[in-house]
Amino acid sequence: MKAVKSIKQQIPENHDMNNMMETFRDMVNHCIRIGLKYNCSTLKRLSLLSYHELHQYDILSSYKLNAISQACGRLSQMKRDIRKGKNVKSPFVKKSYLVNCYGFKINNSLMSIPFEPRQPINILLNNHTVKFLSDPVLKVHSFTLTAFNISICISKEIDMIECTKIVGIDRNLRNVTVGNGELVTFYKTNKLLSIKQNTVYARSGFHRNDHRKKRQYYKSLQQRLQNRTKQYLHKISKNIMDNAVETKSIIVFEDLKGIRKLYRKGNGQGNKYRGKLNGWQFYELQRQIEYKAKWVGIPVVFIDPKRTSKLCPICGDRIQEDKQNRRKLLCINCGKSMDRDVVASMNIAHKAWSRFNHARGDTCEGQSDVFESAMSEPKLSDYDDVVIRILDVSKSVTGFGSR
Ligand SMILES: [Zn+2]
């Protein structure tokens, strides 16, 4: 299977490159206009229609071809959205950028991108990028330039790991719980909440009556919030992936759709509560784990989140909320009080196992091959046997791999 990923690094500003990026953006917009006019979104037809019109732009022809393909991508995305019944605007590229898959060379730490015939622009790659690209199995496909960054698109052939275990991931406000009937790991995410709160606090401290400044300030705060959150989530997702590879486990997510709909204005919830829940980047962790898993060959599957915290993972009966402690659940049948998040992650793992292993009809086309027949059932003997550990990645990550 082919896995694709990109590696990104910062680059210093360059006048020639900025000009090229602006021209590239204009070409993409030009092609989009042509595509809309003739209502076409196939690459071949769009190339025929627009290639000769691009002669007015003073740029190498490889960029023109890439601009057409970029426009094509945006047009077909629009068509897909229309088919889905979404409310779409016609595509338009605002920021200048540049993509090219032809004629660039990487020689150790120097990357040369085509500019004028036989006069490339050289970019110095940093140590991290060089080290990453030195892997001989990698294939380099294309590069994308934006105002401050370059990302290089790479791919490699990977073999899927034959998994024997399965772990469920439950995302909550204050923690991410990863586990199955043997081992459950809590990743604390309190820090994310405090990052968010700090941002809200800093925002409230702005008193100047100046719209423009206010927007600038808010934007920079938002950027900082996102960077910090992302970085923190990367630590968590890396840890989860390392464990999954080590134990050869399939990763299961709840298919959370419409999470924002639950906490919209007018749903009878307080402002603070909504702010907290909407501030959680539920999707970001999933995105990171999905691409990291693909890169190492660990399958990721999704299941319906229905009733994952309503049934007892041991006997399968309905369980009740503990009146005294709302994070605890009580099973009358087993007579046990269990942690809500542990229950959820165990149930997610088990649900995925039973769904895909006892494939019935059309429920799991194309995904059942992921589940080997040798895969062991997530052990659900006794709640007390589950090993629970709590991790705070902000404090120490080192020395964790060797338990
Ligand atoms: Zn029970």
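1. Residues 24 or more positions apart make up 67% of the protein chain's contacts with a separation of 6 or more, a contact being two residues whose C-beta atoms, placed from the backbone, lie within 7 Å. The model is predicted: local features need pLDDT of at least 70, side-chain atom pairs count only at pLDDT 80 or more, and totals for chains, interfaces and linings use all residues. Residues are numbered from 1 along each chain as its sequence is written.

2. The protein chain holds ten helices and 16 strands, taken as DSSP runs numbered from the N terminus (helices H or I, at least four residues; strands E, at least two). Its C-alpha trace spans about 80 × 60 × 45 Å along the principal axes. Of its 403 residues, 26% count as buried (20 or more other C-beta atoms within 10 Å of the residue's own; 12 or fewer is exposed, in between is partly exposed; C-beta atoms are placed from the backbone).

3. The largest nonpolar core has 41 residues; such a core is a set of buried Ala, Val, Leu, Ile, Met, Phe, Trp, Tyr and Cys residues joined through C-beta atoms within 7 Å. Elements giving two or more residues to this core include strand S8 (165-171), strand S11 (249-254), H6 and helix H10 (340-357). H10 supplies the largest share, nine residues. Among the residues with the most contacts inside the core are Val-167, Val-252 and Ala-352. Not counting residues up to four places away in sequence, Val-252 touches Ile-166, Val-167, Gly-168, Ile-169, Val-301, Ile-303, Ile-348, Ala-349 and Ala-352.

4. Helix H3 (residues 61-83) has 23 residues and should span 33 Å at 1.5 Å a residue, which agrees with its end C-alpha atoms being 33 Å apart (the expected span is 1.5 Å times one less than the number of residues). Its buried residues include Tyr-63, Lys-64, Asn-66 and Cys-72. Helix H1 (15-38), helix H2 (43-50) and strand S2 (98-100) are among what covers the buried residues of H3. Gly-85, with a positive phi near 85°, follows H3.

5. The axes of helix H5 (residues 190-204) and helix H6 (residues 211-247) come within 10 Å and cross at roughly 175° (lines fitted to C-alpha atoms, for helices over the stretch in contact; angles run from 0 to 180 degrees between N-to-C directions). H5 and H6 are therefore roughly antiparallel (over 145 degrees; under 35 is roughly parallel, 65 to 115 roughly perpendicular, the rest oblique). Residues of H5 including Leu-192, Ile-195 and Thr-199 meet residues of H6 including Leu-221, Leu-225 and Tyr-232.
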